[in-house]
Amino acid sequence: MKTQIHTISGPSDGSYDNAALSCSTIDISTHNGEPHGGLRGSNEFILSDSGKKVTGDDQAGQLHLWLQRKAKSAFSEKMIKKRLPILRWLPQYNSTDAIGDLVAGITVGLTVIPQALAYAGIAGVPAAVSMVYLYGLYGSFLGCIVYIVFGSCKDVPMGPTAIASLLTFQTAGGNVGKAILLCFLSGVVELMMGILGLGFLVDFVSGPVSSGFTSAVSLIIVTSQVKDVLGISAKGTTFIEIWRNIFNDIHNVQVWDTFLGLTCIAVLLIMRIIAGLKVGPADDELKSKNHRIINKVMWLIGTSRNAILVVVCGAIGYTFQSSAAAPFKLIGDIPPGLPSLMAPPFSLTANETMSGQAESFMDMVSSLGSGLIVVPLIALMENIAICKAFSNGKPVDATQELIAIGLANIANSFVQGFPGTGSLSRSAVNNASGVRTPMGNIYTMGLVVLSLLFFTPYFSYIPKASLAAVIIAAVVFMVEVKVVKPMWRTKKSDLIPGLGTFIACLALPLEMGILFGVGLNVVFILYHAARPKISVERLTSPGGAEYLIITPDRCLIFPSVDYVRNLVTKQSIRQSLPVVIDCSHVYGADFTAATVIDSITQDFARRDQPLFFYNLKPSVCAIFEGLSPADFVVYYREEHLDDLLKQRAYKPKEVISA
């Protein structure tokens, strides 16, 4: 749309007297007699395509113009490519991209299969139903296709994560139907947030709160897997509750499960170290072909450690199972095949609930509670963290990521998957494997589908202790101890919301813990707003008059105005000089601030002490002027201060020497 700009009738230069200057009760004229030193403001307006002027009072016209702009931009080529990122990279897709995506997709697939099996156990559905271990795989293939089309980050492999699984457990209470419905509703919430552009909500979760939350979740996940390593039964939803139940059942520890679990953890940690080892010269250019091959093999072995371990432990479980003397707790029989394509359950029969009573859709939604908001927000946090980590400084489109993971979760719910998002550990593998585009997800999906079609009967021989070891070895490194030292060096007070979130998440349900952390952050922000930094200087005007200039560094709103008033009053009485409040940084104010300014001007008038406001913005000036304060003086040029003092007939007090 072409924008035409015209000026209204008035001065030939198309300007008008700055309305902010009329707030001042004292007028200042230049040598030419122009009011307020000749300061003027722009007096322009915008015409629509039809040539009609749209004024501030024409709200219907403004709404119509806004809708026109939105409709035009929504269907523009730029916006379509922004909302369908596949249209940007697919036309340039070549064989080099295909090879990179193939290698990365297969490598990630070898990681996602054992993790998906293990994370299904975290989600907390009844262990007696061995099919539960498939729900992790069900949520690992259809969402991948959706993310290929709508995802904006090449490194994100869509699927279940440890944090999402634990949140699913605490929200759905271990009910399969509710977990699937949570996947659907989380996707709907994420999609609506993306359409409404609410990705900024993740900005309210600060770095310290995010670190505290992630660290607490990691410990809870590790704690939840200790029971499988020890071979005991210890249920619970919080860190304290799980450990209490572990100690209550400690006398039932199974020696072989414990031995296998601890051995698997040690092997995984050693293989993790192997992945980072390098042989040969430090300079890559000096390495021989054999050095490169050995390094690549060691990296591949270390990266595929989860798959290798699960295969080996499955073989061990099969050996013992065939001899009818299995000393380990195994997963159990799992039916092969892909899941049926069906709508998520919108009601539960009496046989599908733990209470033995049927539940309607509203009953299910009510039982999910705040998890309907917390799960999508945490999923967004995880995904944005991945995008930022591998964006190489490029901006991250949170809105597009919300749309992508929202549609992916909706799709997963139709194949009985539970909520998922991008995984940081799998994204690191994806990036290190040389992924070129989101197309790598299709090869990961292919491996998952093949495993569901042909290998699920063999999953039944996998010991539970080995899956617990996979989770513990992966999650223990999510405890963000490394951020404490730099946080202490930069701003020690940031440790308070971080530590508070960490403790709250361990003691309370996770959604309450994260809300507690955000609340702590809000308290710190409000305190910061209530205690602005104020500089006080004693200066001399061009005419030789001394005055006191007080400069607040932010807007004047109700939490801070009393603090500012007390400081201004204290300093003005102590110095007995004219006072100038520099409002250059005051970009906003409210009614409470206006009442305080009115009171301050009256106090100064009673003391016959000059008070002036310098460089006050028009919008703020209009707020202050709303109460018609007496002796309210505003000026905008430093040289006018002496004129103001003369008009006030101010004379400095004589200092009588002894």
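Buried means under 20% relative accessible area, exposed means over 50%, and partly exposed falls in between (1.4 Å probe, protein chains only). The close-ups below come from a predicted model, where local features need pLDDT of at least 70, side-chain atom pairs count only at pLDDT 80 or more, and totals for chains, interfaces and linings use all residues. Residues are numbered from 1 along each chain as its sequence is written, and side-chain values use heavy atoms, with hydrogens and water left out.

**View 1. Here is the largest nonpolar core, with its 85 residues.** A nonpolar core is a set of buried Ala, Val, Leu, Ile, Met, Phe, Trp, Tyr and Cys residues joined through side-chain atoms within 4.5 Å. Look for Leu137, Leu166, Phe213, Ile221, Ile378 and Leu510, which touch the most other members. Helix H19 (residues 464-475) gives the most to this core, nine residues. Helices (H or I, at least four residues) and strands (E, at least two) are DSSP runs, numbered from the N terminus. A second, separate core has 28 residues, including Ile534, Ile550, Ile600 and Leu611.

**View 2. Now we zoom in on Leu137 and the residues it touches.** Leaving aside residues up to four places away in sequence, Leu137 touches Ile113, Ala116, Leu117, Val448, Ser451, Leu452 and Phe459. Contact here means heavy atoms within 4.5 Å.

**View 3. Arg436 and Asp97 join their side chains in a salt bridge.** A salt bridge is a side-chain nitrogen of Lys or Arg within 4 Å of a carboxyl oxygen of Asp or Glu, and the structure holds nine of them. In this one, the N to O distance is 3.1 Å. Why does this pair tie together parts that are 339 residues apart in sequence? Arg436 lies in the loop between helix H17 (424-432) and helix H18 (440-459), while Asp97 lies in helix H4 (residues 95-122), so the bridge spans that separation. Arg436 is partly exposed, with a relative accessible area of 42%, whereas Asp97 is buried at 9%.

**View 4. Arg565 meets Asp603 in another salt bridge.** Their closest N and O atoms are 3.3 Å apart. The pair links distant parts of the chain, with Arg565 in helix H23 (residues 561-575) and Asp603 in helix H24 (residues 591-606), 38 residues apart. Is Arg565 buried or partly exposed? At 26% relative accessibility, Arg565 counts as partly exposed, while Asp603, at 14%, counts as buried. Arg606 joins Arg565 and Asp603 in a network of salt bridges.
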